[in-house]
Amino acid sequence: MDISENSRDGTLVISAAGRIDSTTAGELEAVLPARVRDHGAVVVDLSGVPYVSSAGLRVLLIGAKGAKAAGHRLVITGVAPAVREVFDISGFSKIFAIEADVDAAIASLG
């Protein structure tokens, strides 16, 4: 999995590419919790992610809880249909703010 970060309009955008599963979830876990604590607004762009396992959902949940505890906001974007199905089945689509693309996510944080 590849993870990149950039800032747009005062919002940190973390982009992931590749599968987020038990093998790769640790890479995202090494980045996400600290970033949501340090930044008031974080967008996680999953447009390059074709698959998310329960391990990946756990990392995203850790990020969401960290953001909430810090009084910060986390928005997920670019969710592929197969990934959206996993979010819907697991109930995570009710936990996370999910936007269609990065621009919409940044606008929702503004």
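This is a predicted model: local features need pLDDT of at least 70, side-chain atom pairs count only at pLDDT 80 or more; totals for chains, interfaces and linings use all residues.
Q: OK, and do strand 1 and strand 2 run parallel or antiparallel?
A: Antiparallel, with seven bridges joining strand 1 (residues 2-8) to strand 2.

Q: What about strand 2 and strand 3, parallel or antiparallel?
A: Those two run parallel, and five bridges join strand 2 to strand 3 (residues 41-48). Over there, Leu12 stands opposite Val42 in strand 3.

Q: How many residues of strand 2 are buried?
A: Six of the seven, so strand 2 (residues 11-17) is mostly covered, with buried meaning under 20% relative accessible area.

Q: Switching topic: what's the volume of the largest pocket?
A: About 220 Å³.

Q: Which element gives the most to its lining?
A: Helix 3, with five residues. Helix 3 (54-70) and strand 4 (73-77) each supply at least two residues of that lining.

Q: And which residues line the largest pocket?
A: Here's the list: Leu61, Ala64, Lys65, Ala67, Lys68, His72, Arg73, Leu74, Ile95, Phe96 and Ala97.

Q: How many of the lining residues are nonpolar, polar and charged?
A: Seven are nonpolar, one is polar and three are charged.

Notes: Residues are numbered from 1 along each chain as its sequence is written. Side-chain values use heavy atoms; hydrogens and water are left out. On a 1 Å grid over the protein atoms alone, a cavity is a set of points where a 1.4 Å probe fits but cannot get out, and a pocket is an open set with protein on both sides within 12 Å along at least five of seven lines; lining residues have an atom within 4 Å of a point. Grid points are joined across faces, edges and corners, and a volume is the space filled by probe spheres set on the points. Helices (H or I, at least four residues) and strands (E, at least two) are DSSP runs, numbered from the N terminus. Ala, Val, Leu, Ile, Met, Phe, Trp, Tyr, Cys and Pro count as nonpolar, Asp, Glu, Lys and Arg as charged, and the others, Gly among them, as polar. Buried means under 20% relative accessible area, exposed over 50%, partly exposed in between (1.4 Å probe, protein chains only). Two strands pair if DSSP finds at least two bridges between them.
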